[in-house]
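Please examine the structure shown here alongside the explanation that follows.

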Amino acid sequence: MASPTVSQSLNRGGSFLINSTAPEDVFTPADLSDDQRLIGQTAEEFVQKDITPFIPELEAHKDEKLMGRMLKKAGEIGLLGGGIPEEYGGSGLDKVSATILAEKLAGYGSFAVSHGGHAGIGTVPIVYFGTEEQKKKYLPKIASGELLSCYCLSEPQAGSDSLAALTRAVLSPDGKSWILNGQKMWITNGGFADVYVVFAKIDGEKFSSFIVERGTPGFSAGAEEKKMGIKGSSTTPIFFENAHIPKENLLHEPGRGHVVAFNTLNAGRFSLGAYCIGGAKKVLEASSKYSKERKAFGKTLSDFGLIKTKLGEMAIQIFAIESMVYRSAGMIEAAVSNPAPGISKTQQAMQVLEEYAIESSISKVSGSEMVDYVVDEGVQIFGGYGFHEDYPVARAYRDSRVNRIFEGTNEINRMLIVQMLMKRAMSGAVPIIPAAMKLADEVLAGPSFEEAPTGHMAEQEKSLEQAKKIFLLAAGTVVQKFRDKMAEEQEIVGALANIVMDVYGMESTLRRAQKTYAKRGESASAMVDAARSYIYDAMDRVEKEARTALIATADGDTLATQLAVLRRFAKHAPIDTIALRRRVADAVLAQDRYPFEGR
Ligand SMILES: Cc1cc2nc3c(=O)[nH]c(=O)nc-3n(C[C@H](O)[C@H](O)[C@H](O)COP(=O)(O)OP(=O)(O)OC[C@H]3O[C@@H](n4cnc5c(N)ncnc54)[C@H](O)[C@@H]3O)c2cc1C
């Protein structure tokens, strides 16, 4: 498969906070190769032709196995094996292709979730941690859809705190099998899967992972959960009552289940951002069309400023997440395709996933919050009809909500973003501490007269630089005060995580707009408007979050000084974001769709 067409320099995960990346080093959707576009197109057509006609039946969920058959259909045309190397029957897609595949499969939320349960978190553990025998036995059939899979980590009493699992595994007296007892909860594809990746504690202590096949005596799947959304997907509990599974079905090493679990979630989180982009684009498209059809007060809805601002902001939010996710996909792919000597591509891919765990959590949190915003505004544009089940925005609204809950809740992921960053800062992997010290010297030296950025989007360039300084100012103050007790200050950690995400969004949108403008000039003006609007608003958010964190951390003269420095860093020239959003809305309305795709 094609690898990115940009000169990606290899960046450390999280280093965007202190380094600057050139526009040409940032992968954007315009850099997709023809092959990659074709993969997206195939996925989109599949959803349109093979899934959409069955949505009413899937939503009614009378036939609990119907979604399983849909997945098998996807397997017949190669849409399930993207994450599986070719030698095991998959297509070994590069990260960018896998990203566009996920995005384009998201036209129907229930299908996207089921696909992710199988081809993502149900597959990754075997690809990265399986023995040769396990890979040969399961992967070709998982790639074709002959076997459907799922990932069983959560338990009734252990969701976010997944290591508090009570499911136990003990070796049988003859040493030939593991005997599993316990219960899993919320398992996507649970009702029809054939292969279950199950986490259990050996002797109640060593957290480990196992492959369990449907049909194993003592194994059973419970009734379908009655969910708020994604009603077409299967979600069930799983029970083990003295279920004997072959000894060789232990996945990875005893006591190393957490490595399997968390690395798998990293992969899942990244893809979740891509699925969210696809779902949000569909809602924007429907909202744009409706706003032109529906009349009120002698005009169409699309003529009203308060509707335009919604359409504009929906597109801007999608643009920001799309820019971040494809940039990360490009970085991941560039790193995967440059394996260190003596390391297999699979091992390299696992290390790279760990390297970009911060970017994966950003993809998950910002993608899920973006799609929730978009579906909410979609319902509002549809008015009363948006509240009616006959209109697809009502379903999208319900379907979207779970994204903030699974694959690690957004609270857990916000904490992870900062924890991982601090770990890298302490180890020196990402030199945040020297950068913070340099900034402290700069602050002591007073306002500098260094040259301000010039050229196209110079104001946004300056905002980005200043936002990075604000992060260092706030994070440096917080770390100095709380040190190893920082994790207990969750609200402050959350504020720092929000700054991190906004900085990534600011840089990703800015670089993409600059790169596109350099190529296309004025025809990229709507994208430039989108980036300027996003960066302006992001700068306000960054300032607010930093102020909140500083006030909760410092006091007296120190606080007064820091707030003064913050005000200096946060200064940015006024921009008429109403006009920018209107122009972006006009671009949406002109095409009745998200206007920046592939550009
Ligand atoms: C439709 C659906 C499909 C799912 N599919 C799967 C699947 O295929 N496989 C699987 O293993 N699991 C699956 N899950 C489970 C999902 O991963 C969990 O629901 C999720 O991890 C949250 O766990 P919980 O529900 O126990 O909530 P809790 O962990 O009880 O959390 C409740 C609230 O408290 C917050 N919270 C918890 N701990 C902390 C903390 N330390 N600090 C701050 N806030 C905290 C959470 O963020 C959340 O807001 C699915 C869930 C749903 C709803």
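The axes of helix 13 and helix 16 cross at roughly 80° and come within 8 Å; here axes are lines fitted to C-alpha atoms, for helices over the stretch in contact, and angles run from 0 to 180 degrees between N-to-C directions. Helix 13 is therefore roughly perpendicular to helix 16, since angles of 65 to 115 degrees count as roughly perpendicular, those under 35 as roughly parallel, those over 145 as roughly antiparallel and the rest as oblique. Helices (H or I, at least four residues) and strands (E, at least two) are DSSP runs, numbered from the N terminus. From helix 13, the residues Arg 414, Met 415, Ile 417, Val 418 and Leu 421 take part in the contact, and helix 16 contributes Gln 490, Val 493, Gly 494, Leu 496, Ala 497, Asn 498, Val 500 and Met 501; contact means heavy atoms within 4.5 Å. By class, this contact has 9 nonpolar, 3 polar and 1 charged residues, where Ala, Val, Leu, Ile, Met, Phe, Trp, Tyr, Cys and Pro count as nonpolar, Asp, Glu, Lys and Arg as charged, and the others, Gly among them, as polar.

The model is predicted: local features need pLDDT of at least 70, side-chain atom pairs count only at pLDDT 80 or more, and totals for chains, interfaces and linings use all residues. Residues are numbered from 1 along each chain as its sequence is written, and side-chain values use heavy atoms, with hydrogens and water left out.

Helix 16 (residues 490–520) also packs with helix 11 (residues 357–382), at an angle of about 95° and with the axes 11 Å apart. This angle makes helix 11 roughly perpendicular to helix 16. Glu 359, Ile 362, Val 365 and Ser 366 of helix 11 meet Val 500, Met 501 and Tyr 504 of helix 16.

How do helix 15 and helix 18 cross? Their axes come within 9 Å, at roughly 160°, so helix 15 is roughly antiparallel to helix 18. Among the residues that meet are Leu 473 and Thr 477 in helix 15, with Leu 566 and Phe 569 in helix 18. The contact of helix 15 with helix 18 has 6 nonpolar, 3 polar and 2 charged residues.

The second largest pocket is lined by 25 residues, and Ala 436, Ala 440, Gly 476, Thr 477 and Gln 480 lie nearest its centre. Helix 13 (410–427), helix 14 (432–444), helix 15 (458–482) and helix 18 (556–570) each give two or more residues to this lining. A pocket is an open set of points on a 1 Å grid over the protein atoms alone, where a 1.4 Å probe fits, with protein on both sides within 12 Å along at least five of seven lines; lining residues have an atom within 4 Å of a point. The lining divides into 16 nonpolar, 7 polar and 2 charged residues.
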